[in-house]
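Please look through the structure below with these notes beside it.

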Amino acid sequence: MIDTKTLSKNKREKIKKQLDHNYIPCLAVILVGENPASLSYVKGKEKACREVGISTITITLEDRITQEELIKLIDELNIDNSVDGILVQLPLPSHIDEFAVINAIDPSKDVDGFHPSNVAALYLKQKGIIPCTPKGIIDVLDFAGVEIEGKYAVVIGRSNIVGMPISKLLLDRNATVTICHSKTKNLSDITSKADILIAAVGKPLFVTADMVKEGAVVIDVGVNRGENGKLCGDVDFENVKEKTSYITKVPGGIGPMTITCLLENTVECFMNRKVLSNG
Ligand code: NAP
């Protein structure tokens, strides 16, 4: 099992040293509504920020807020010089267009890397903010010493926040990449050939041992509630682990790394803005 806990701890200590009380970036977090999962994610992010010396402002809004009001708030945060990063916790209520909201965030404060300018930068291999979960996955593979170049990587899932960006990052590292989705036929024929298998499906224990090649590296991104009500991933960890050379576990694994990358992205936005303001 890849020791992502140590990797996360090392990275967070590095950020803490880098900030060293002289620099205090500020992350504004917007939470709309009272979705318990979102609330818990926001609390986790606030705690992680506090521990490394990033200050946070959390703005909690009722879920009946209009899209216009939400965008007006983002506009205010965009021009507020004391704010270095803006994060809108997703999902948003169904009457709000997520794309319009993400599009309203100043790309230089877009710590999630979801703004079209940052997405374009990723696809055009330009400098930009890379989404946290895919960035964390690459860090985990590097930390474990997994060679990516020349390997056959299969990604299950094609979302804008995980499946697509991780596929691009793996391609940029010279893997040969196949992206699978809900309409993919003969899924296990494909996954069972993968040297590196990334599961970002959102279905408990979806990846079973027969879908995995002997010696494969398996990264489990899923965060689900199993039948027993406990958190579990997309991978049937207990049965799959015996076949793998490296595997990540849920809970733990990629989740904490995602938050660590959020901290790194916040510092990156802060440093970029500092360089700009120093001319
Ligand atoms: P999503 O937007 O719902 O995307 C799920 C993807 O899985 C879709 O592309 C979907 O295909 C595909 N899929 C669904 N059923 C499938 C099937 N039977 N066979 C093959 N593919 C199938 O989810 P997401 O936002 O990418 O997140 C995926 C999981 O990762 C969730 O459990 C989420 O909670 C978790 N997550 C964790 C972190 C973290 O920090 N650890 C961060 C983000 C997400 P279609 O495109 O055809 O619908």
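1. Burial terms and basis. A residue counts as buried under 20% relative accessible area, as exposed over 50%, and as partly exposed in between, with a 1.4 Å probe and protein chains only. The model is a predicted one, in which local features need pLDDT of at least 70 and side-chain atom pairs count only at pLDDT 80 or more, while totals for chains, interfaces and linings use all residues. Residues are numbered from 1 along each chain as its sequence is written, and side-chain values use heavy atoms, with hydrogens and water left out.

2. The ligand is surrounded by 21 residues, of which the closest are Arg158, Ser159, Ser182, Val223 and Thr258; a residue is near a molecule if one of its heavy atoms lies within 4 Å of it. The shell divides into nine nonpolar, ten polar and two charged residues, where Ala, Val, Leu, Ile, Met, Phe, Trp, Tyr, Cys and Pro count as nonpolar, Asp, Glu, Lys and Arg as charged, and the others, Gly among them, as polar.

3. The side chain of arginine 158 places an N or O atom 2.7 Å from an oxygen atom of the ligand, and for the side chain of asparagine 224 the corresponding distance to a ligand oxygen is 3.4 Å. Taken alone, the ligand exposes 930 Å², and the protein buries 70% of that, with accessible areas from the Shrake-Rupley method and a 1.4 Å probe.

4. Nonpolar cores. A nonpolar core is a set of buried Ala, Val, Leu, Ile, Met, Phe, Trp, Tyr and Cys residues joined through side-chain atoms within 4.5 Å. The largest has 45 residues, and those with the most contacts inside it are Ile137, Leu141, Leu170, Ile198 and Ile219. Helix 10, residues 254-277, gives the most to this core, with eight residues; helices (H or I, at least four residues) and strands (E, at least two) are DSSP runs numbered from the N terminus. A second, separate core of 19 residues includes Ile59, Leu61, Ile65 and Val83.

5. Arginine 12. Which residues does arginine 12 touch, not counting residues up to four places away in sequence? They are Ala48, Val52, Pro256, Ile259, Thr260 and Leu263, where contact means heavy atoms within 4.5 Å. Arginine 12 is found in helix 1, residues 4-19, and it counts as buried because its relative accessible area is 19%.

6. Isoleucine 54. This residue has its place in the loop between helix 2 (36-52) and strand 2 (55-61), and at 3% relative accessibility isoleucine 54 counts as buried. Leaving out residues up to four places away in sequence, isoleucine 54 touches Leu19, Pro25, Leu27, Cys49, Leu263, Thr266 and Val267.

7. Backbone features. Most residues other than glycine have a negative phi, and most peptide bonds are trans. Lysine 125 has a positive phi near 55° and lies in the loop between helix 5 (116-123) and helix 6 (132-143); lysine 125 counts as exposed because its relative accessibility is 59%. Asparagine 174, not a glycine, has a positive phi of about 70°, and it is partly exposed, with a relative accessible area of 45%.

How values were computed: Polar contact = N/O pair within 3.5 Å; in protein donor to acceptor, adjacent residues only side chain to side chain.
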